[in-house]
Amino acid sequence: MEEPKYRIRALHTPDTVTVYQAYRPEIGLPAARDGRFPAAWKRDRMTWIKPSFLWMMYRCGWGLKEGQETVLAVEITREGFEWALRNSCLSHYVRGHHPDQASWKRQLRQAPARVQWDPERDPHLRPLPHRSLQLGLSGEASRRYADEWTVSVTDVTPLARDVHALVRAGDLAGAGRLLPREEPYPTPEGLLDHLLVQEPATETEKLKSPVPSVP
């Protein structure tokens with residue numbers, strides 16, 4: 001079955017969802033050790049969380065980019081995750097989706113969270129046709145993420161290294177067995193309506209549409 005263009009895929013339980021971030025060791029290692037973000041983690045800054053492990057690998061270069069050497073799997077409450085989605089707006093203006101650019105800018109200023117849909121990645125980190133959710137948290141959302149929603153923090157840098165080594169060796173089956181089991185996230189009805197962009201029909205799609213009969 002063809003993968004829909006916009007859908008959240010994540011490792012999740014009935015109560016939690018796992019997202020990924022990457023930090024320099026001074027932040028990432030204490031967070032994993034204590035199971036919560038340290039005081040040095042700035043709660044007043046925008047932070048982006050990603051339910052896709054492979055998109056995180058694309059972003060941090062398998063944990064090899066400077067300042068992103070420690071890859072964290074952060075398990076947060078589904079209640080908090082869905083609160084952020086409910087109170088978010090798209091990170092960019094979309095003609096036809098927003099009434100106008102001014103109203104989108106007002107939403108962006110007021111919303112404690114923002115969403116962007118970026119191409120999902122394959123094990124070689126090449127873009128796929130369907131999109132992966134990136135959720136940016138600021139203000140109230142950032143503080144609640146760090147101090148209320150976080151259930152556990154795990155250092156998955158060794159996992160990133162192992163998967164990367166298998167991909168480089170051409171063992172995609174082995175890499176696939178190590179990857180987190182990210183499955184469609186069961187979003188409550190209407191939760192994502194304000195975040196799903198309706199793409200205009202292409203000329204090919206228009207030609208395939210049935211021609212209305214003339215009465």
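Student: Which residue forms a salt bridge with Glu3, and how far apart are the closest N and O atoms?
Tutor: In this predicted model, side chains of opposite charge can pair when their charged atoms come close. For Glu3 the partner is Arg9, and the cut-off for such a bridge is 4 Å between a side-chain nitrogen and a carboxyl oxygen. The closest N and O atoms of Glu3 and Arg9 are apart by 2.8 Å.

Student: Is Arg9 buried or exposed?
Tutor: Glu3, its salt-bridge partner, has a relative accessible area of 26% and is partly exposed. Arg9 has a relative accessibility of 12%, and the cut-off for burial is under 20%, so Arg9 counts as buried.

Student: Which residue forms a salt bridge with Glu26, and is Glu26 buried or exposed?
Tutor: The partner of Glu26 is Arg24, with the closest N and O atoms 3.3 Å apart. Arg24 has a relative accessible area of 41% and is partly exposed. Glu26 has a relative accessibility of 52%, and because the cut-off for the exposed class is over 50%, Glu26 counts as exposed.

Student: In which helix do Glu148 and Arg144 lie?
Tutor: The side chains of Glu148 and Arg144 meet in a salt bridge, at 3.5 Å from N to O. Glu148 is exposed at 51% relative accessible area, whereas Arg144 counts as partly exposed at 22%. The two residues are four residues apart, about one turn of the helix, and both lie in residues 139-149, which form helix H5.

Student: Which residues do salt bridges that share partners join into one network?
Tutor: The bridge between Glu3 and Arg9 was described above, and the network also includes Arg7. Through shared partners, the salt bridges join into one network Glu3, Arg7 and Arg9.

Student: How many salt bridges does the count come to?
Tutor: Among the bridges are those of Glu3 with Arg9 and of Glu26 with Arg24. By the distance rule, the count of salt bridges comes to ten.

Student: Over the face of which residue does Arg144 lie?
Tutor: Arg144, which also meets Glu148 in a salt bridge, lies at 4.5 Å from a ring centre. In another such arrangement, the charged end of Arg121 sits over the ring of Tyr58, 3.6 Å from its centre. For Arg144, the ring belongs to Trp83.

Student: Which residues do ring pairs link into a cluster?
Tutor: A pair of aromatic rings is described by the distance of the centres and the angle of the planes. The count comes to nine aromatic pairs, and ring pairs link into a cluster Tyr23, Phe37, Trp41 and Tyr145.

Methods
Residues numbered from 1 in each chain as written. Predicted model: local features only at pLDDT ≥ 70, side-chain atom pairs only at ≥ 80, totals over all residues. Heavy atoms only, no water. Phe/Tyr/Trp six-rings, centres within 6.5 Å; stacked < 30°, edge-to-face > 60°. Lys NZ or Arg CZ within 6 Å of the ring centre and 35° of its normal. Buried < 20%, exposed > 50% of the residue type's maximum accessible area, 1.4 Å probe, protein only.
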